[in-house]
Amino acid sequence: MQSAAEFEDLRPQLFALAYRMLGTRADAEDIVQDAFLRWQAVDPAEVRSAKSYLYSIVARLSLDALKSARHQRETYVGTWLPEPLVTRVEGARQSPEGHAELADSLSIAFLHVLESLSPPERIAFLMREVFDADYADIAQVLETSEANCRQLVTRARKQLGDKRSRFEVDPERHKTVLQTFLAACETGDTAALLDLMRGDAILYSDGGGKASAAINPIYGADRISRFMAGITKKSDANEVTPVLSGGLPAVVFSNNGEVRTLLALDLDTEGHIRTVYIVRNPDKLPDLRQ
């Protein structure tokens, strides 16, 4: 039987890997628990590196789960967005994701653009680019050649293109833009909202059929500004709480302690809003009362 303590040391990284691949906390936790059971059953003589072995298990399990999840998301009501990993601002340093490299790759924006990749491309890209895995390990997970894995990573890089550069915005700049955006929504100042956004901005709203949300993406700064001004007037939220979502500033709107909405922004490298993300599906919202 393998050491449970050794597994626990790697648990945060394993969770971070599974979450980046699947975009949901519960699925990632299930993957990690399954990996733990397999870890306990394996012959120690078969393991040369605990980290490589466990990364491979989690990646392989995630690949199978991702294939199934993509089929389910095709019938999802409205836009599917990743489940945000939320921490209170004062508790950010204790968050599980803080133990893994490149925390900015936990953002809704990053995970959302990864949805454009096929499951093998996503696995190969994340293992190589985020977790610095060897191509030999990636090839083992995908049961293909190292040369093919290199092609998968190259295709993923090309497909993501300049989308990756958007995650380099300074957190303080991000916080300032978010605060200005919220203030403009509250006052209905559409001119100020237009100044904050790129002309080709997009808004995605995820209600999952369980909460009111825009079924289709909203394109263009003008339409988004009018939409945000309108829904702010209708909101029944009586509390606004700043949080970190995937390591970046975000905000949750609550009614009598019950979180109703999470709002996060995606900025370009000049600090203009490129994408607005609104999560309203109650299954994906945090319980800040805990």
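These are my notes on a few spots I looked up in this structure, which is a predicted model.

**Entry 1: helices 5 and 6**

I started with a pair of packed helices. Two packed helices are described by the angle between their axes and the distance between the axes, so I looked up both values. Helix 5 covers residues 119-130 and helix 6 covers residues 135-142. I find an angle of about 155° between them, and their axes are 10 Å apart. An angle over 145 degrees counts as roughly antiparallel, so helix 5 is roughly antiparallel to helix 6. I also noted the hand of the crossing of helix 5 and helix 6, and it is right-handed.

Next I wanted to know which residues make the contact. From helix 5 I listed Pro120, Ile123, Ala124, Met127 and Arg128. On the helix 6 side I wrote down Tyr135, Ile138, Val141 and Leu142. Sorted by type, the residues of this contact come out as eight nonpolar, one charged and no polar.

**Entry 2: Glu121**

I stayed in helix 5 for this one, as Glu121 sits there too. Is Glu121 buried or exposed? It counts as buried, because its relative accessibility is 8% and the cut-off for buried is under 20%. Then I looked up what Glu121 touches, leaving out residues up to four places away in sequence. The list reads Leu152, Arg155, Ala156 and Gln159.

**Entry 3: an aromatic pair**

How many aromatic pairs does the structure hold? I get five, and I picked Phe15 with Tyr19 to look at. A pair of aromatic rings is described by the distance of the centres and the angle of the planes. For Phe15 and Tyr19 I have 6.2 Å centre to centre and 15° between the planes. Planes under 30 degrees apart count as stacked, so I put this pair down as stacked. Both residues lie in helix 1 (residues 4-22), and they are four residues apart, about one turn of the helix. I checked burial as well: Phe15 and Tyr19 are both buried.

**Entry 4: positive phi**

Most residues other than glycine have a negative phi. I went looking for exceptions and noted two residues.

Glu143 has a positive phi of about 55°, though it is not a glycine. I located Glu143 in the loop between helix 6 and helix 7 (146-160). Glu143 counts as exposed because its relative accessibility is 71%.

Asn256 is not a glycine either, and its phi is positive at about 55°. I found Asn256 in the loop between strand 5 (248-255) and strand 6 (258-267). With 64% relative accessibility, Asn256 counts as exposed.

Technical notes. Residues numbered from 1 in each chain as written. Predicted model: local features only at pLDDT ≥ 70, side-chain atom pairs only at ≥ 80, totals over all residues. Heavy atoms only, no water. Axes fitted to C-alpha atoms, helices over the stretch in contact; angles between N-to-C directions. Helix = DSSP H or I, 4+ residues; strand = E, 2+ residues; numbered from the N terminus. Parallel < 35°, antiparallel > 145°, perpendicular 65-115°, else oblique. Left-handed = near helix turned anticlockwise from the far one by under 90°. Contact = heavy atoms within 4.5 Å. Nonpolar A, V, L, I, M, F, W, Y, C, P; charged D, E, K, R; others polar. Phe/Tyr/Trp six-rings, centres within 6.5 Å; stacked < 30°, edge-to-face > 60°. Buried < 20%, exposed > 50% of the residue type's maximum accessible area, 1.4 Å probe, protein only.
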